[in-house]
Amino acid sequence: MKKIISVFLILTIVALGFCACSSKPSNRISERNITKTVGVIFDALKEFDTKTIKTYVDSDTLDIILTYASKKEQFRKLGVAMFENITYEIKEVDLDGQTVTLSVKNKDLTKVAADYTADLLSRYSGLTGMMELAKSITDDAWLNSNLAVLTEGIKNAEIKSEPVEIKIHFEQKKDRLFFGFTESAEDAVSGGALTEIKKIISSGVF
């Protein structure tokens, strides 16, 4: 009987410990909660977990890609390739100013994304081309062949030699802490890729 009770207690302790570790971050502004939420965000970026990213991050460019990634697996795989090698370090948490300063390092994806964007825009130029491209990005066969090229280029890119420092503002929502990614933050976390993708967006494809 004592052994059964002991086993039960151990299982209960383990279960409680697991629940504590896997619980969602609190919406209370504290250094601990900010650190925890930042960790959740970067883990979600690596897996390109669209639901979690949208829950905690405000980012114009990411929002567009996340919308497509929630519908098309090819875009989710692109997101994983873009962020799976990202690392970060929290340098400072400013509770009064509600900002967190991060040192971020990822692959250098500027040239890969720029070359891909230039090629895409050259193949789909003008209003007719943009309309054709807008239609193509909903087609699985087109996505499989075209996004595979970009994804492969991202996988072959080199890690940046130096990290980039960014400052992200956060605010307290009703049920969570919410982090706003500026253009410079988007650029840093994506290794320059999101800046180039914005060129496609500004061309009216999305």
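What follows is a working conversation about a predicted model.

Q: Let's start with the salt bridges, how many are there in the whole structure?
A: A search of the whole structure of this predicted model finds eight salt bridges.

Q: Which residue does lysine 198 pair with, and how far apart are the closest N and O atoms?
A: Lysine 198 forms a salt bridge with glutamate 183, and the closest N and O atoms of that pair are 3.3 Å apart. The two residues come from distant parts of the chain, with lysine 198 in helix α10 (residues 193-202) and glutamate 183 in helix α9 (residues 183-189), 15 residues apart.

Q: And what about glutamate 186, which residue does it form a salt bridge with?
A: Glutamate 186 forms a salt bridge with lysine 198, with the closest N and O atoms 3.5 Å apart. Because glutamate 186 lies in helix α9 and lysine 198 in helix α10, this pair ties together parts that are 12 residues apart in sequence. Through salt bridges that share partners, Glu183, Glu186 and Lys198 are joined into one network.

Q: Is glutamate 186 buried or exposed?
A: Glutamate 186 is buried, since its relative accessible area is 3% and the cut-off for buried is under 20%. Glutamate 183, by contrast, is exposed at 57%, while lysine 198 counts as partly exposed at 24% relative accessibility.

Q: What does aspartate 175 form a salt bridge with?
A: Aspartate 175 forms a salt bridge with arginine 176, where the closest N and O atoms are 2.8 Å apart. Aspartate 175 itself is exposed, with a relative accessible area of 54%.

Q: Switching topic, where does lysine 54 lie?
A: Lysine 54 lies in helix α3, which covers residues 50-56, and it is partly exposed with a relative accessible area of 38%.

Q: What does lysine 54 touch, leaving out residues up to four places away in sequence?
A: On that basis lysine 54 touches Asp63, Leu66, Thr67 and Phe178. With threonine 67 there is a polar contact between the two side chains, at 3.5 Å. Phenylalanine 178 is 124 residues apart from lysine 54 in sequence, yet the two are 9.4 Å apart in space, C-alpha to C-alpha.

Q: Where is each of them placed?
A: Phenylalanine 48 is in the loop between α2 (31-47) and α3, and glutamine 98 is in the loop between β2 (87-94) and β3 (99-105). Phenylalanine 48 is buried, with a relative accessible area of 2%, whereas glutamine 98 counts as partly exposed at 24%.

Q: Which residues touch the most other members of the largest nonpolar core?
A: Of the 52 residues in that core, Phe42, Phe48 and Phe179 touch the most other members, so Phe48 belongs to the core and is also buried, at 2%. Leaving aside neighbours within four places in sequence, phenylalanine 42 is in contact with Ile86, Tyr88, Leu102, Val104 and Val189.

Q: What about the sheet, what order do the strands have?
A: The sheet is open and has five strands in the order β1-β5-β4-β3-β2, with mixed pairing. β1 (57-58) and β2 stand at the edges with a single partner strand each, so one side of each is left without a neighbour in the sheet.

Q: How many bridges join β2 to β3?
A: Seven bridges join these two strands, which run antiparallel, and the partner of valine 93 in β3 is valine 100.

Q: Last one, which residues of helix α7 are buried?
A: The buried residues of α7 (residues 126-136) are Gly129, Met130, Leu133 and Ser136. Seen down the helix axis they fall within an arc of 120°, so they line one face of α7.

Q: What covers that buried side, and what does the face turned away from it carry?
A: The cover over the buried residues of α7 includes α6 (110-123) and α8 (140-156), while the face turned away carries the exposed residues Leu127, Thr128, Met131 and Lys135.

Notes
Residues numbered from 1 in each chain as written. Predicted model: local features only at pLDDT ≥ 70, side-chain atom pairs only at ≥ 80, totals over all residues. Heavy atoms only, no water. Helix = DSSP H or I, 4+ residues; strand = E, 2+ residues; numbered from the N terminus. Buried < 20%, exposed > 50% of the residue type's maximum accessible area, 1.4 Å probe, protein only. Contact = heavy atoms within 4.5 Å. Polar contact = N/O pair within 3.5 Å; in protein donor to acceptor, adjacent residues only side chain to side chain. Arc of directions from axis to C-beta. Pairing = 2+ DSSP bridges. Salt bridge = Lys/Arg side-chain N within 4 Å of Asp/Glu carboxyl O. Core = buried A, V, L, I, M, F, W, Y, C linked by side-chain atoms within 4.5 Å.
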